[in-house]
Amino acid sequence: MNTPQTVKTIQLLVNGAQIEREVEVRTLLSTFLRDDLGLTGTHVACEHGVCGSCTILVDGRAVRSCLLLAVQTDGTSVETVEGLGSLGDLSPLQEAMWREHGLQCGFCTPGILMSIEGEARSGSSAEEICDEVLSGHVCRCTGYQNIRTAIHAYFATRHGS
Amino acid sequence: MTTSIDAQRPSLVGSSVRRVNDPRLLTGAGRFVDDISLPGMLHAFILRSTVAHGRLISFEPGDSPADLILGPDEVGAATEPLPFVWIAPDQQHLHLPMGDRTVRYVGQPLGIVVAGSRAQAEDAAESIEMTIDQFPGVADSLAALEAGAPVLYPEHGSNLAVDFSIGDEPDVLEAAMAAAPLIVSRRLRIPRIAPSPMETRGVLADWNTGTETLTVWMSTQTPHHVRDQLALVLRLKVDQVRVISSDVGGGFGAKEHLYPDEVMACLAAIRLGVPVKWVEDRNEHFIATCHARDAVHDARLAMTEDGIFLAIHTKVTGNLGAHFSNVGSGPFRVSGLMLPGPYRVANAGARISAVFTNTTPTGAYRGFGMQEAAWVRERLVDEAARELGVDPLELRLRNVITSDELPHLTPTFQEYDSGDYGRSLTMVRDRVQAYTPIVDTNPRVRRGIGFATHVEFTGLGPSVMQEIVGFRLGGYETAIVRMEPDGSVFVSSGVMGMGQGIETTLGQLAADCLGVDMDRVSVHLGDTAQAPYSAAGSIASRSMTVGGGAVVTAATTLREKILRIAAHRLEASVQDLVITEGRVRIKGDPSVGISLEELAEYSWLGWKLPAGETPDLEVKFVHDPSNISYPYATHAAAVAVDLDTGQIKIERYWIAHDSGVVVNPQIVDGQIAGGVAQGLGIALFEKVLYEENGQPNSTTFLDYLLPLASDVPDLVMDHFETPAPHIPGGMKGVGEGGTIVAPVAIGNAVAAAVPEIAGMLLETPLSPGRLWELLRKGGLFDD
């Protein structure tokens, strides 16, 4: 008789650093990142995959970390907002969001940043991101206009460099 | 006007200074409650009623594997009832008893389970046996008033909780209505809204068994108010409780008071002597955090045959939910107070009937009764224009209070302060006239433009006025502005940042008044151990008017002291000094001066001071404004309505706005844009649904839709500034206006696009399903 396995050891890259951890198999990826790794920049706002606050990149693709289990990231490369830039060295996207007032309370912001970053890297245009990708996120504060402005400003810097 | 004194230096007031706290929020270094962990911390799950009305007849923890389980009896025995804050005339219930075994709504907290993780606490809760004897329930306020309806408080006799009138005496008002040549009357409804900040509520409570003090990190707009209530409810002294609100992921009114589940988390921490964290999940937010709105208005607008308004009245049937919230019938009352809007009417008033139902209590949400007032009034004005056959904007201009009539006392006792209401109307009119509507070859798409205008009550308020209306919150704010021994500037206020950028704008005011750069100033909010007392916190668009006004006066007073000390050191006259580039200098002689660092260092030593001057470079100022401040705006929406699908698209949106002195234009624009987006949600999507018996049907983001990027257009905004004459700095509030006006601007635009159904557009949201029904009724759709 097999007893169900309740814990598993996983290995993954998190923001470029190799991580090995034992996790409960039921642990959500968002919980693993926040509670086990202390990466609290990934925010959880609905836990049912609608709002997009918990979006991170797994192998370069934007995913809802509240809809994945931590064990599903075994052997992958995970990127969170903490890997994007730092206080004194903001990424061009973070810089554009700051300059254009693309955030207010800032709770949804890390998820939006990761979605935009992932889509931009995979070749989407600013228009595609504004029209489609951004609608995968709920922002309750800004009314989205300044986020669109920031996305265009970010793309302008990408093309300028 | 600006507060800048040094003419050589550009004013920081009116400048789009980048927000000081953004870099940390952008890099994931924000500290929201759930981001904070303490050693040995345990996690809580709240036990809630799953039935809408009934009696808990047994609560059996059994052998549940939890660190702590507190049921309703233990919670009730360990706490005092939670006092309500805004008390209506003849309101019989003044407190919310905790641990009541009678349940009156789905989501009512009954107890708490604490374990090593949230998941373990939820597991442990599974094995607790709770048996609830179910009673019939009622969710709708009108149904709750019918004979034979289930009564929530049998000892109260009926579900009619309070019933009172405001404004003109009813007989005076009825006489005015009876004498009027024309009355437009409608029944309008504003549905129930869930405020839905992206961060839900949350608490981390830590009881120090040695000092017997409780430290509570909480996502709240009102740290001091929460502290006072926590102390009272937990039978502690106020100085045993410290509340820290660090980063708050949106509030919008939902986080402006203490909730019973938050008390339970603190009680658990005290019992266990270890830190306990409870973070609300989204499902709980939909059932346990105050909803808002949910009012039926039977409203009348009386006028002459020429469309000159004479009187306005509404009978509000407001849904309180299962018990009074902290503000109770307050939002319904404010609907009545602000019903006249920017129009000249001889008579105005409202009757407020607030009703208990088996639903989550309704409380504060962005707009606080004023969105309802705008929906009612501005729809009536458009309906009047339709009946009179005049242009809706022209009808508004005919009735709007002119600038030379201000200040103006309304029949509902609002003394509008300053501005030019007609100018906001004509500014938007001119924008709209210059607009070329989108041309579409599809004959099944209709287009229209609607207008709406309002005056808003912001900056609560004179404390004496709060006393008159039974609102047990002081209306003042206090600022502390201090130059530290190293010349840096500490600013603290009791208002709270929750995304509105107040950390930045208060810093701008202080820096501007002192004549120093922004990077010299830091603003400290949210910690009751540090911030000056604030009775009301950040509610009612008051942070900048009341809190900012306090900072202006405190910083200006500190500047005067710095100049007096510098004059003594430099053997100059105060009038000859300026503060520039970190130095106090003699005008016209850059070689003579003293650095702020040196001045501050010696002042704090008590050395080289003029006679009679104290060494501290600190000013504390209490600002209790003499009046509310009244910003105003006109909005217009251009919509396209698809007659086949019932879908509404907002194609263009205009705003002309006056919120007094604008401290940071980018932040003010952001407040308006975010407010409009929330108003758009109310107009098109948002409605909390219940079954007739009180079972909630809106408990996830899949069945309660919020506006997304594809729904919200870019906005065209025009500002002008009429300084509030009674506020130091001249600011008026800006947080709520966008939400107040947007729903009815959109509603009026749909009416303009499809006049066949205009008379039926009385209720939001104008979702595709509802609109499609109306289009069928209007003969615009045959199946």
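1. Chain A is assigned two domains, domain 1 (7–82) and domain 2 (92–160); the bounds come from an automatic or database domain assignment. Taken over C-alpha atoms, the centres of domain 1 and domain 2 of chain A are 21 Å apart. Their contact takes 15 residues from domain 1 and 13 residues from domain 2 (contact: C-beta atoms, placed from the backbone, within 7 Å).

2. The model is predicted: local features need pLDDT of at least 70 and side-chain atom pairs count only at pLDDT 80 or more, while totals for chains, interfaces and linings use all residues. Residues are numbered from 1 along each chain as its sequence is written, and chains are lettered from A and ligands numbered from 1 in the order in which they are written.

3. On the side of domain 1 of chain A that touches domain 2, the elements giving two or more residues are β3 (55–58) and β4 (61–64). Strand β3(A) gives the most, with 3 residues.

4. Chain A has 5 helices and 5 strands, in the order β-β-α-β-β-β-α-α-α-α from the N terminus. These are DSSP runs, numbered from the N terminus: helices are H or I of at least four residues, strands E of at least two.

5. Of the 161 residues of chain A, 55% are buried (20 or more other C-beta atoms within 10 Å of the residue's own, C-beta atoms being placed from the backbone). Among contacts in chain A between residues at least 6 apart in sequence, 59% join residues at least 24 apart.

6. The C-alpha atoms of chain A fill a box of roughly 60 × 30 × 25 Å along the principal axes.

Definitions and conventions
A residue is buried if 20 or more other C-beta atoms lie within 10 Å of its own, exposed if 12 or fewer, and partly exposed in between; C-beta atoms are placed from the backbone. Two residues are in contact if their C-beta atoms, placed from the backbone, lie within 7 Å.
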